Amino acid sequence: MTSQNVRGRRRATGPATELRPARVVSEIRPRDTQRQVRRRKSPMRQVADFAAASGVGQKAGVALAATGLALTVGLPATSPVMATSESGQTEAALAVGGGSQPEVSAEASAKIDFSRAAVATKADPDGKLKQLLSAQSVGSIQASSSKGTMASPLDTLSTASPFGYRISPLTGGSGDFHRGQDFVAQCGTAVHAAAAGKVTFAGWHEYGGGNRVVVDHGNGLETTYNHLSSFNVKVGDTVSRGDTVALSGTTGASTGCHLHFEVQVNGEVVDPMGWL
């Protein structure tokens, strides 16, 4: 073996080294078909396809993708739908059985509106009134809570004279305090119980009420029905909401046929319109 210097660098000369034989690789790696599909589809296209498959619609999906918005959607399908996440992994979102659903983020400025059917329930007015009376002292109940808990004492309500101070229809003097609400009613009109309760009085009211019925609803709440022409109940009867307790008239201190309706809380009269 000889050596020589080329521009200050020493090289070794000798017999050529033997070339390594080429290695034949017989293994064939399986192709990831989903990966090829993902490579060909842009992120916008993927969101649009996923939206179309979930029932949102392809155009809506394109709009969502354009705004950077994607949603977690429960798919109404019977078979799994494949969704590709940002990491390139494939997830199955099962609509039936509560399977996992893809979660994505949305920009703060993004807006979308999905309409849905309204849900309505039929209220239990007697149950609401009982719950209201048992939850707190009747004297502390606000009008916002009591409003609508009582039924109308007449089939049609038309106010003739409101609750509070007024000019007396009998004397014409001012400063007369009206203890209830007068409603227009021809004589003989059916008068209904405003709520379930027990009749505690049915007779003549010596202080101007004429023929009068009083119903106790419990917890210090009472209603009275005045100037009646006749009674349909007697003391001790239990009445339900809407039952006919009497017929309207013009007995007592009255200038014409009407119903004088009162609501009393712990013996004190309050505006009936706060309960009707």
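This is a predicted model: local features need pLDDT of at least 70, side-chain atom pairs count only at pLDDT 80 or more; totals for chains, interfaces and linings use all residues.
Numbering starts from 1 along each chain as its sequence is written, and side-chain values use heavy atoms, with hydrogens and water left out.

Let's start with empty space. Rolling a probe the size of a water molecule over the atoms shows where such space is left. A pocket here is an open set of points on a 1 Å grid over the protein atoms alone, where a 1.4 Å probe fits, with protein on both sides within 12 Å along at least five of seven lines; lining residues have an atom within 4 Å of a point. The second largest pocket has a volume of about 500 Å³, a volume being the space filled by probe spheres set on the points, which are joined across faces, edges and corners. Its lining has 25 residues, and R166, H178, H227, A253 and H260 lie nearest the centre. By class, seven of the lining residues are nonpolar, twelve polar and six charged; Ala, Val, Leu, Ile, Met, Phe, Trp, Tyr, Cys and Pro count as nonpolar, Asp, Glu, Lys and Arg as charged, and the others, Gly among them, as polar. At least two lining residues each come from β5 (159–161), β7 (176–178), β12 (221–231) and β15 (258–265). Strands are DSSP runs of E, at least two residues, and helices runs of H or I, at least four, numbered from the N terminus.

Buried means under 20%, exposed over 50% and partly exposed in between, with a 1.4 Å probe and protein chains only.

Next, the core. A nonpolar core is a set of buried Ala, Val, Leu, Ile, Met, Phe, Trp, Tyr and Cys residues joined through side-chain atoms within 4.5 Å. The largest one has 29 residues, and L221, Y225, V245, F261 and W275 have the most contacts inside it. Contributors of at least two residues each are α4 (125–135), β11 (210–218), β12, β14 (244–248) and β15, with β15 giving the largest share, four residues. L221 touches, among others, L129, V215, V263 and W275, where contact means heavy atoms within 4.5 Å.

Now for the rings. Phe, Tyr and Trp rings (six-membered for Trp) pair if their centres lie within 6.5 Å; planes under 30 degrees apart are stacked, over 60 edge-to-face, the rest tilted. That gives three aromatic pairs. Y165 and F177 have ring centres 5.0 Å apart and planes at 65°, so they are edge-to-face. Y165 is exposed at 68%, whereas F177 is partly exposed at 34%. Y225 and F261, with centres 5.4 Å apart and planes at 50°, are tilted. This pair ties β12 to β15, parts 36 residues apart in sequence, and both residues are buried.

Finally, N266 is another non-glycine with a positive phi, about 55°. N266 lies in the loop between β15 and β16 (268–270) and is exposed, at 51%. Leaving aside residues up to four places away in sequence, N266 touches V138, G139, N219 and G220.
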